[in-house]
Amino acid sequence: MSLSEKLMEHLAGRSFMIGGFSIPESVVVTWGIMAVLTIVSFLLTRNLQVVPTTKRQIYVETAVSGLTGLLEGILGKEGKRYVPYLATVLLYLGISNVIGVFGITPPTKDLNTTAALAIISIILIEFAGIHQKGVKGFLKSFAEPLPLLVPLNIMEIFIRPLSLCMRLFGNVLGAFILMELIKAVVPIGIPVIFSLYFDIFDGCLQAYIFVFLTALFIKESIE
C-alpha cells in the first residue's frame with residue numbers, strides 16, 4: 001500500500017456498529033478514556049481526610065496542586081474558575097496521544113475531535129471575556145487599541161479555533177507521515193524508538209501546547 005493510500009485510510013478512520021449505529025473509532029476511544037478517568041478519579045478520591053493519612057492522598061493532592069498551580073500561573077487569580085476544564089482537557093489529550101504506544105488509534109488523529117475541542121475552547125474564551133467585562137465591555141474590546149482594528153479583532157475569533165485545531169491535528173498527522181516514511185526506509189528497530197518519541201514526548205507536548213494557548217487566550221480575554 002502506498003503512502004497516499006495509507007494516509008487516506010488514516011484520515012477516513014474506522015467505525016464500529018453499536019446498536020445499529022455506525023460510531024467512529026475516535027468516539028469509541030474517547031468514551032473509553034472518559035470511563036477510565038472517571039473510574040480512576042473515583043478510586044483515588046475515596047475516603048479522603050482533612051489531614052492526609054495515606055500516601056495515595058498525599059500523591060493525589062501533590063499532583064492536583066502542581067497542575068492547579070501551573071494553570072493558575074498562566075490564568076491569574078481571575079481565571080481560577082477555568083482551571084478544572086483546562087486540567088480535564090490536558091489529561092484527556094495526554095492520554096489520547098500516549099495510548100498510541102499500546103496500538104490504540106488516538107482520537108486526536110480525527111480532525112472532528114480536534115475541531116470539537118477547539119470550538120469548545122474558543123466558546124469558553126469568548127464567554128470568559130463577556131463574564132469579566134460584560135456584554136458592553138466585551139464589544140468595546142473589539143475597538144482596542146484602535147477602532148481601525150475592529151475587522152481584524154473580529155476575524156481573530158475565527159482564526160483562534162482554526163489555529164488550535166490545525167496545530168494539534170497537523171502535528172499528529174505529521175508524526176504519522178514521518179513514521180510511515182521511517183518504516184519504509186528502516187522497517188526494523190528504529191521505528192519503535194521514534195514511535196515512543198511521537199506517542200509519549202511529542203504527544204504530551206502537544207497536549208500542553210493546546211491547553212497553554214487556550215489558557216493564554218482566556219487570560220487575554222479577561223484582562
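## The nonpolar surface patch

Helix α2 is the main giver to the nonpolar patch in this predicted model, supplying three residues. The patch covers about 430 Å² and is built from Phe16, Ile18, Val27, Trp31 and Met34. Two elements put in two or more residues each: strand β1 (15-18) and helix α2.

Take Val27, which sits in helix α2. Is Val27 buried or exposed, or something in between? Its relative accessible area comes out at 30%, so Val27 counts as partly exposed.

## The largest nonpolar core

Now for the inside. The largest nonpolar core has 31 residues, and the ones touching the most other members are Leu75, Leu86, Leu93, Phe210, Val211 and Ile218. Helix α7 has the largest share, at eight residues.

Which residues does Ile218 touch, once neighbours within four places in sequence are set aside? They are Leu75, Tyr82, Leu86, Leu124, Ile125 and Ala128. Two of these contacts, Leu75 and Leu86, are also on the list of core residues that touch the most other members.

## Ser96, a buried serine

Helix α4 also holds Ser96. With a relative accessible area of 0%, Ser96 falls under the 20% cut-off and is therefore buried.

So what does the Ser96 side chain reach? That would be the backbone oxygen of Tyr92, at 2.7 Å. Beyond neighbours within four places in sequence, Ser96 is in contact with Ile33, Pro106, Pro107 and Thr108.

Conventions
Residues numbered from 1 in each chain as written. Predicted model: local features only at pLDDT ≥ 70, side-chain atom pairs only at ≥ 80, totals over all residues. Heavy atoms only, no water. Core = buried A, V, L, I, M, F, W, Y, C linked by side-chain atoms within 4.5 Å. Buried < 20%, exposed > 50% of the residue type's maximum accessible area, 1.4 Å probe, protein only. Helix = DSSP H or I, 4+ residues; strand = E, 2+ residues; numbered from the N terminus. Contact = heavy atoms within 4.5 Å. Polar contact = N/O pair within 3.5 Å; in protein donor to acceptor, adjacent residues only side chain to side chain. Patch = residues over 30% accessible without salt bridge, like charges linked within 9 Å, V, L, I, M, F, W, Y side chains within 5 Å. Areas by Shrake-Rupley, 256 points an atom, 1.4 Å probe, with all protein chains shown as cover. Salt bridge = Lys/Arg side-chain N within 4 Å of Asp/Glu carboxyl O.
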